[in-house]
Amino acid sequence: MPRDPKKPRRLIVDGRAYLWTLRHSHSVGDSGRSCRETLTLYPQPAGTAGPLRIVFTEGPDRYVPGGAPLGSGDVGYVRGASLNLHEPGAVRALLDAASARGWPPEDGRAVEIDGWSLLEAAATARAKATGLGP
């Protein structure tokens with residue numbers, strides 16, 4: 001039986017639990033329709049810290065899934081780093097990159113970060129963790 005895509009998944013990092021979800025959305029602007037992936041991490045227990053939203057918006061030389069031939073959850077640069085946001089290891093790498101840039105999980109506010117600013121560091125860390133990188 002497949003996993004319910006709307007049900008949050010659980011991730012444990014350094015003894016702290018997070019629930020995370022991935023949502024796909026569309027916006028229409030002056031340049032036409034645009035796709036957006038939003039990865040949201042909710043520190044646990046609920047109410048002890050604000051959520052972290054990592055947002056990837058389609059743009060020049062960047063892709064987010066909007067149908068074939070891209071897989072669900074794939075984000076990346078046309079000629080460069082990429083991640084699949086359905087993989088817990090990719091989520092962990094993005095969380096680590098956000099923390100390294102100063103995101104404090106103890107902050108009670110919701111924080112939104114441009115995912116593209118984290119992608120290179122997260123993809124490099126992910127590649128090293130899987131043995132595919134330097």
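In this predicted model, three strands form an open sheet in the order 5-6-7, and their pairing is antiparallel. Strand 5 (62-63) and strand 7 (82-84) are the edge strands; each has a single partner strand, so one side of each lacks a neighbour in the sheet. Strand 6 (residues 74-77) pairs with strand 7 in the antiparallel sense over three bridges, and G76 stands opposite S82 in strand 7. Helix 2 (residues 116-129) lies across strand 5, strand 6 and strand 7, at about 100° to strand 6.

The largest nonpolar core holds 32 residues, of which L41, L52, F56 and L94 touch the most other members. Elements giving two or more residues to this core include strand 4 (52-57), strand 6, helix 1 (88-100) and helix 2. Helix 1 gives the most, with seven residues. Leaving aside residues up to four places away in sequence, L94 touches L39, I54, F56, L83, L85, L118 and A122.

Two aromatic pairs are found in a search of the whole structure.

| Pair | Centre to centre | Angle between planes | Class |
|---|---|---|---|
| F56 and W116 | 5.1 Å | 90° | edge-to-face |
| Y77 and W116 | 5.2 Å | 50° | tilted |

Because F56 lies in strand 4 and W116 in helix 2, their pair ties together parts that are 60 residues apart in sequence. The pair of Y77, in strand 6, and W116, in helix 2, links parts of the chain 39 residues apart. Through these ring pairs, F56, Y77 and W116 form a cluster. F56 is buried, with a relative accessible area of 0%, and W116 is also counted as buried, at 4% relative accessibility. Y77 is buried as well.

Definitions and conventions:
Residues are numbered from 1 along each chain as its sequence is written. This is a predicted model: local features need pLDDT of at least 70, side-chain atom pairs count only at pLDDT 80 or more; totals for chains, interfaces and linings use all residues. Side-chain values use heavy atoms; hydrogens and water are left out. Two strands pair if DSSP finds at least two bridges between them. Helices (H or I, at least four residues) and strands (E, at least two) are DSSP runs, numbered from the N terminus. Contact means heavy atoms within 4.5 Å. Axes are lines fitted to C-alpha atoms, for helices over the stretch in contact, and angles run from 0 to 180 degrees between N-to-C directions. A nonpolar core is a set of buried Ala, Val, Leu, Ile, Met, Phe, Trp, Tyr and Cys residues joined through side-chain atoms within 4.5 Å. Buried means under 20% relative accessible area, exposed over 50%, partly exposed in between (1.4 Å probe, protein chains only). Rings of Phe, Tyr and Trp (its six-membered ring) pair if their centres lie within 6.5 Å; planes under 30 degrees apart count as stacked, over 60 as edge-to-face and the rest as tilted.
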